[in-house]
Amino acid sequence: MTSPRISRFPYPAGSDGRRRLGYGADYNPEQWPREVWEEDVRLMREAGVNIVSLAIFSWARIQPTADTWDFEWLDEVMDLLHAGGIGVDLATATASPPPWLTTAHPDILPVTATGETLWPGARQHWRPTSPVFRTHALRLVRELATRYAGHPALVAWHVNNELGCHNVYDYSDDAAHAFRTWLLRRYTTLEALNHAWGTAFWSQRYSDWDQILPPRLAASHPNPTQQLDFKRFSSAALKDHLLAEREVLRELTPDVPVTTNFMVMGGTKGMDYADWADSGAIDFVANDHYVTPGPQDRDELSFAANLTSGIAGHRPWFLMEHSTSGVNWQPVNLAKKPGELARDSLLHVAHGADAVCFFQWRQSAAGAEKYHSAMVPHAGSDSELFRSVAELGRTLEALAPIAGAGREPGRVAVLFDWDSWWTSEHDSHPTSRLDYHREALDWYSALLRLGIRADVVPAHRTDLSSYDVVIAPVLHVVPQPFGKALTRYVEGGGHLVTTYFSGVVDENDHIWLGGYPGALRELLGIRIEEFGPLLDGATVDLDNETTGSLWTDRITVTGPDVEVLARYRSGTYASRPAITRCTTGHGSAAYVSTRLGAEGLAALLPDLLAPAGVTSELPDEARGAVELTVRRDADSRYLFLVNRSDVPVPLPGVTGELLVGPATEGGLVLPPRDVAVLRQPAP
C-alpha cells in the first residue's frame, strides 16, 4: 500500500508572512471590458479574496490563430491582481481548444462508442490520446510557463480543467492505438491478455494486437474485462495528459506547485483520482464539488469532502470550485438557504480544505453558465449574496490558525474502490439496479445519523491497522493480495464489515470459484451458492425489524465461530441468515446480504460497532443533527461542529476556545445551518 505524493500547498502569502486559508474563485476577466477589472480587484479585497484561478478557458484569447499570441491583457490582469495582494492559480488553458485548431485538425475531436463525433460548440472537445492535440497543448503550456515563470502573482499551476468531465471515454482510432499500447504494457503478451479477458468465450481470442479495439457498440454485451480495462485505460490516458503538461511546468517553473481540479462528487466515476494522486502528477489535491438537492445532499457533500481528504492522505487540499447559490445545469436549480453558503464551505474546511473557492467571481452575462451563481451576482455587490460572501471571507480569516493542520482520523473507515465501482455496475450481472456509490453513501449516512466520525478512504492504499472498524460496501473486486491483507487485519484485532456482491471477482473480473463471496468466503465463514436479486419495488423483512431491498443471498454458515445477527423473515430465503459475524483471531468479519438503506443501517450499526467499542463523541442531543470533524496540528485540536438541520441544536459539555460561532452563556447552542469551531489543546 502506498501513500499519495502530495508535497506542496500554495498558501497565499499575507503581508505578515503567516499562513492563511485561501479564498477566491475562477476569474474570467476576458468576459468583461477593461474598466471592470479594477472594480473586480477592489471588490475582491473587500470580500477577503486572496487567490483566484485565471485563464481556464482563455486559449482562443491567448492564441487567436495558430501563429499569433496575445498576452498583453493577461499581463495586465496578473499585474492588477498582484498589486491587490491576490495570488494567481494560473491555468494552462488547454481545456477548450479554439475554433482555429478544431477547424484545421478535426481529428482531435472525440468519438463516441457509436461512432459519432463530438463537435465544437461547448468545451472539452478533444481526445486525450490525440498526438496532434498534445503537440498544440504543450506548445501553449510552454509559452505560458516561459512568460510567467517569474511573475510574483503566480502561486500555483492549474492543469487543464476538470479532466474527463466530458471526454473521459473516447473510442476514436487514436484511442484504439493508445489502448493497445496500454494493454501491451499491462499484459506483455497476447497469451496473458487472452487469459485475462477470457477470450475463449464467444470465440474472441486475439492473434494480433491490431485486432483489439475499444468496446465500441457491439451486437450484444461487450467483453466485461475489456470494458474494465478500457475504463482503467481511459483514466490512465487523462492522467498521462496531466503528467505531460506537468513535466513542461516543472521544467520551466520547478518551484511552483502544480494541481488539477478533481470532481469527487456524486456519480462522477470515470477517473481514479487515488491513482492520479499516487502517481506524483500533482503537488496538492484540488476538488470541485456541487450539491445535488435530495434527501442525502448534506451527507453526499460530507462524503465527497471526506473522500477528497482520504485521497490527499489527510493533508490539506484545495476546494477549487463550488457554488455560492444555485447552478445552471440541474433540472431545477435551487438557490441556497440563508447560512448554507457558509455551512457548505466550512464543511469542506472541516474535512481538510485549506482553500475555499467558487465558480466563479463575477456571474456571466452571456454563455451557457450565465445563470450559474457567483461571488458577485447579476445584482452586483449591493446584494445579500455578496454580503454573505464577504462575511465568509472574514470567517476564513478568523480560521487562519488552522492552516496546515491535518485532518484527525476517526476510528472507522469506509473503503472506496474504483475497480469495484466500475465492475459491479457492468451489464450482464444479477441486477442492473446496483448502485455502488449509493451503497457506500448509505453506510456513511448511517454513521452521520449516529454521530460517529469516520473516514472515507481509497481501498488499496490504506493502512487498515489504524482503524478499529473497516466498512467495505460492495467490495466486488478483491485481488488475492488484498484478500490476504483483509484477513491479516481481522486476525490482528480489526473488525471488517462488508456487503452483498463483495469478494466475487479478482482483478481480471474472473469469478473466485467455489461459492460466493469468493475471496472473502473463509474469512466470513459463510458460503453462498446463488444470488437472490429483487425486482423493482420488492422488499424483504428481517427479524431485527429492518427491511431489505435490491438484493438477497442464500447464505449457508460454514464457520464454527459465526453468529447470525439477523435472519430473513420473509421472501424466498425466509429463516435463512441475512446478517452474520464471524470471529477470527482477535477480530471479526461481518456480512450484510441486502440493501438496508441509511435508516436500516443506522439501526444495525450499533451491533456491528460494539465489538470495537466505537460510540459517538457527541452529546445525545446532537447526534444526527450535528456533524463533528476534527483537524489537528502539533499544539491544538480544532473541533468543527456543523449543524445539518434547520433548528437550533444544544451541545452540552462541548468546550474549547471559540474561534468561529455564536458566543453563548451557559453552553453552546448551534443556530440552524450554522457552524462552530473550537480549539482545544492537543493531548
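This note sets out points on the sheet, cavities, helix packing and backbone geometry of a predicted model.

1. **The five-stranded sheet.** The model contains an open sheet of 5 strands, arranged in the order E10-E22-E23-E27-E25 with antiparallel pairing. Strand E10 (406–407) and strand E25 (657–660) stand at the edges; each has a single partner strand, so one side of each is left without a neighbour in the sheet.

2. E25 is joined to strand E27 (residues 675–681) in the antiparallel sense, over 3 bridges. Within this part of the sheet, Val660 is placed opposite Val677 of E27.

3. **Cavities in the whole structure.** A search of the entire model returns 6 cavities of 30 Å³ or more.

4. At least two lining residues come from each of helix H14 (436–449), strand E12 (454–458) and strand E22 (626–632). The most is given by E22, with 4 residues; E22 is also one of the strands of the sheet described in point 1. By class, the lining of the largest cavity comprises 8 nonpolar, 4 polar and 4 charged residues.

5. **The second largest cavity.** The volume of the second largest cavity is about 80 Å³. Its lining has 13 residues, and the closest to the centre are Val264, Met265, Gly266, Thr268 and Leu307. Helix H10 (297–311) and helix H13 (418–424) each contribute at least two residues to this lining, with H10 providing the largest share, 4 residues. The lining of the second largest cavity divides into 9 nonpolar, 3 polar and 1 charged.

6. **Packing of H6 against H8.** Helix H6 (residues 173–187) and helix H8 (residues 224–252) have axes that come within 10 Å and cross at roughly 100°. Angles of 65 to 115 degrees count as roughly perpendicular, which means that H6 is roughly perpendicular to H8. On the H6 side, the contact is made by Ala175, Ala178, Phe179, Trp182, Leu183, Arg186 and Tyr187. H8 contributes Gln226, Asp229, Phe230, Arg232, Phe233 and Ala236. Sorted by class, the contact of H6 with H8 has 9 nonpolar, 1 polar and 3 charged residues.

7. **Two cis peptide bonds.** Most peptide bonds are trans. The bond from Phe359 to Gln360, however, is cis, with omega near -10°. Gln360 is located in the loop between strand E9 (353–358) and helix H12 (384–398). A cis peptide bond also joins Tyr516 and Pro517, where omega is about 0°. Pro517 belongs to the loop that runs between strand E14 (495–499) and helix H16 (521–524). A reader inspecting the backbone may wish to view both sites in the model.

8. **A positive phi at Glu162.** Most residues other than glycine have a negative phi. Glu162, a residue other than glycine, has a positive phi, near 45°. Where is Glu162 found? Its place is in the loop between strand E4 (154–158) and H6, and H6 is the helix whose axis crosses that of H8 at roughly 100°.

Technical notes:
Residues are numbered from 1 along each chain as its sequence is written. This is a predicted model: local features need pLDDT of at least 70, side-chain atom pairs count only at pLDDT 80 or more; totals for chains, interfaces and linings use all residues. Side-chain values use heavy atoms; hydrogens and water are left out. Two strands pair if DSSP finds at least two bridges between them. On a 1 Å grid over the protein atoms alone, a cavity is a set of points where a 1.4 Å probe fits but cannot get out, and a pocket is an open set with protein on both sides within 12 Å along at least five of seven lines; lining residues have an atom within 4 Å of a point. Grid points are joined across faces, edges and corners, and a volume is the space filled by probe spheres set on the points. Ala, Val, Leu, Ile, Met, Phe, Trp, Tyr, Cys and Pro count as nonpolar, Asp, Glu, Lys and Arg as charged, and the others, Gly among them, as polar. Axes are lines fitted to C-alpha atoms, for helices over the stretch in contact, and angles run from 0 to 180 degrees between N-to-C directions. Angles under 35 degrees count as roughly parallel, over 145 as roughly antiparallel, 65 to 115 as roughly perpendicular and the rest as oblique. Contact means heavy atoms within 4.5 Å.
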